[in-house]
Amino acid sequence: MMNMGKMMHQAKKMQEKMQQVQEEMAKAEVSAEAGNGMVRIVATGDRRIRRIDISPELWAEQDKALIEDMVAAAVNAAMQQIEDAMAARQKEMLGGLPLPPGFSL
């Protein structure tokens, strides 16, 4: 049986590791696209959009709703990549130990 002091120390170390992972992720970039590359998004791991590229062909169609939908789809894809990367890092950090539903470090 583990004593409370040791558990608290391990929890603190895990929080420090998670902070380091979050800092690393904030510096990382992901890119996503929609419409076969007609819209491309570059986002950072801290969920900030760095760049949005929209192809001239899409502008030429002058379909505002289509452009908006493609931008939203590309942003959502980028955010999902960030979530997936963060979940993978957490799983790696915990050595496969599952967290209770709704719990995050």
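**Group meeting: a predicted protein chain**

Let me begin at Asn 36, which is found in the loop between β1 (29–34) and β2. Strands such as these, and helices as well, are DSSP runs numbered from the N terminus, where a helix (H or I) needs at least four residues and a strand (E) at least two. Please note that this is a predicted model, in which local features need pLDDT of at least 70, side-chain atom pairs count only at pLDDT 80 or more, and totals for chains, interfaces and linings use all residues. Residues are numbered from 1 along each chain as its sequence is written, and side-chain values use heavy atoms, with hydrogens and water left out.

Asn 36 is not a glycine, yet it has a positive phi of about 55°. Is Asn 36 buried or exposed? Asn 36 counts as exposed because its relative accessibility is 81%; the cut-offs are under 20% relative accessible area for buried, over 50% for exposed, and in between for partly exposed, with a 1.4 Å probe and protein chains only.

A second residue with a positive phi is Arg 47, at about 65°, and again it is not a glycine. Arg 47 sits in the loop between β2 and β3 (49–54). With a relative accessible area of 42%, Arg 47 is partly exposed.

Let us now consider the whole chain. The protein chain has three helices and three strands, and from the N terminus on their order is α-β-β-β-α-α. Of its 105 residues, 24% count as buried. The chain exposes about 7600 Å², of which carbon and sulfur atoms supply 54%; such areas come from the Shrake-Rupley method with a 1.4 Å probe, and for residues only the protein chains shown count as cover.

Which residues is Thr 44 in contact with, leaving aside its neighbours within four places in sequence? They are Met 25, Ala 26, Ala 28, Glu 29, Arg 50 and Ile 82, where contact means heavy atoms within 4.5 Å. Across the protein chain, residues 24 or more positions apart account for 45% of the contacts with a separation of 6 or more.

Finally, I turn to Met 8, in helix α1 (residues 4–27). Met 8 is exposed, as its relative accessible area is 54%.
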